[in-house]
Amino acid sequence: MKLGFVGLGKMGANMVRRLLADGHEVVAWARGPDSVREAVSEGAVGATSLEDVTRQLAPPRVVWLMIPAGDPVESSIAALRPFLSSGDVVIDGGNSRFSDSARRAGELAKNGIGFLDAGTSGGIWGLKNGYCLMVGGRPQDFRLAEPIFKTLAPPDGYAHVGAPGAGHFVKMVHNAVEYAMLQGYGEGFEMLQASGYDLDLLAVARLWTHASVVRSWLLDLLVLALEGDPKLAAIRGFVQDSGEGRWTLHEAIERSVPMPALADALFARFTSRQAESFSAKVIAALRNQFGGHAVTPEK
Ligand SMILES: NC(=O)c1ccc[n+]([C@@H]2O[C@H](COP(=O)([O-])OP(=O)(O)OC[C@H]3O[C@@H](n4cnc5c(N)ncnc54)[C@H](OP(=O)(O)O)[C@@H]3O)[C@@H](O)[C@H]2O)c1
């Protein structure tokens, strides 16, 4: 089918490639003209603005957004809206907060415009392996866009999971699970490194990929990373987060759902970014005050 595609970064460019390879017609736009030129060289039709994307589509138009959550999605939908009409559908494939998606769906529905929140997992490997798609929204909007999901996902790799917002809720929790899994591997390999046995971490990682209960795609990726850099000497232990862990924790608190593994993993990321811990300074100072325990002076 013919669709508009907005955002041609690490995710969007590959998704457009996968759509083109399966015979879809893609009208592509991104802020950077270079990424549009590249998509055009691979078979997409280039657009010069969000308005131009809508002009090049016939109703019912479908426009996929693959851009950062927050203001980029908010302002792009606001810019698209005047050029969309009843029956058109906007799909947000990024990692937006589910409550924002539910609100956006409600606002667009006032003009009869559909909205699907398509939580997308698969990273840069999605071009080859396909993307797992968790879609929230109205059933009629899902049906209209289903040929797109069928192409982007591997067999059985997409589903309509519920009402508007449900797709991004499921994706948010998916990422919370990912936080805990990454933390588990991180802690395990730190312990292996500290074993005193001079273990070959790459060999252990490879070993675990064979029938062990902790084998997984993440472990396969760790094997790739260790093949490139067996002691991860070239990268700092500095870990960013992009929101889903925090949002899941907020929702867990609201619903009194215990998620200590997520909380630990999220706070470990915060710790990874600190050059110095003020809380550790406070603890050292107090131990010195009450027990005369030695402190380590600043250099
Ligand atoms: N990377 C992953 O593994 C992954 C996996 C699943 C979901 N996601 C989600 O997918 C979305 C895109 O991620 P990505 O990794 O492809 O990011 P990316 O490589 O940084 O690309 C972002 C794209 O959005 C465009 N963009 C940025 N700000 C914009 C704005 N204010 N208005 C319009 N377009 C804007 C960028 O255009 P310019 O380059 O021209 O600035 C670029 O085309 C995000 O929501 C992300 O959380 C990412």
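The model is a predicted one, in which local features need pLDDT of at least 70 and side-chain atom pairs count only at pLDDT 80 or more, while totals for chains, interfaces and linings use all residues. Residues are numbered from 1 along each chain as its sequence is written.

**The sheet**

Strands here are DSSP runs of E with at least two residues and helices are runs of H or I with at least four, both numbered from the N terminus. Two strands count as paired if DSSP finds at least two bridges between them. With those terms in hand, the protein has 13 helices and 8 strands. Contact here means C-beta atoms, placed from the backbone, within 7 Å; the angle, on a scale from 0 to 180 degrees, is between N-to-C directions of lines fitted to C-alpha atoms, for helices over the stretch in contact.

| Strand pair | Bridges | Facing residues |
|---|---|---|
| strand 1 and strand 4 | 3 bridges | F5 and W64 |
| strand 5 and strand 6 | 4 bridges | I91 and L116 |
| strand 7 and strand 8 | 4 bridges | M134 and A159 |

How do the side chains of strand 4 point? V62 and W64 go one way and V63 and L65 the other, and all are buried. Buried means 20 or more other C-beta atoms within 10 Å of the residue's own, exposed means 12 or fewer, and partly exposed lies in between, with C-beta atoms placed from the backbone. Strand 6 is largely enclosed by the rest of the structure, because 7 of its 8 residues are buried. Across the protein, buried residues make up 33% of the 299 residues.

**Around the ligand**

The ligand is surrounded by 22 residues, the closest being G9, M11, G32, P72 and G94. Helix 4 (71–80) and strand 6 (114–121) are the elements that give two or more residues to this shell. By type, the shell divides into 8 nonpolar, 12 polar and 2 charged residues. In that scheme Ala, Val, Leu, Ile, Met, Phe, Trp, Tyr, Cys and Pro are nonpolar, Asp, Glu, Lys and Arg are charged, and the others, Gly among them, are polar.

**Two domains**

Domain 1 (2–164) and domain 2 (171–272) divide the protein, with bounds from an automatic or database domain assignment. Their C-alpha centres lie 30 Å apart. The contact takes 7 residues from domain 1 and 7 residues from domain 2. On the side of domain 1 that touches domain 2, the residues are 3 nonpolar, 3 polar and 1 charged.

S216 sits in the loop between helix 9 (201–208) and helix 10 (217–228). With 14 other C-beta atoms within 10 Å, S216 is partly exposed. The C-alpha atoms of S216 and M181 are separated by 9.9 Å, although the two are 35 residues apart along the chain.

Key. A residue is near a molecule or strand if its C-beta atom, placed from the backbone, lies within 6 Å of it. Two residues are in contact if their C-beta atoms, placed from the backbone, lie within 7 Å.
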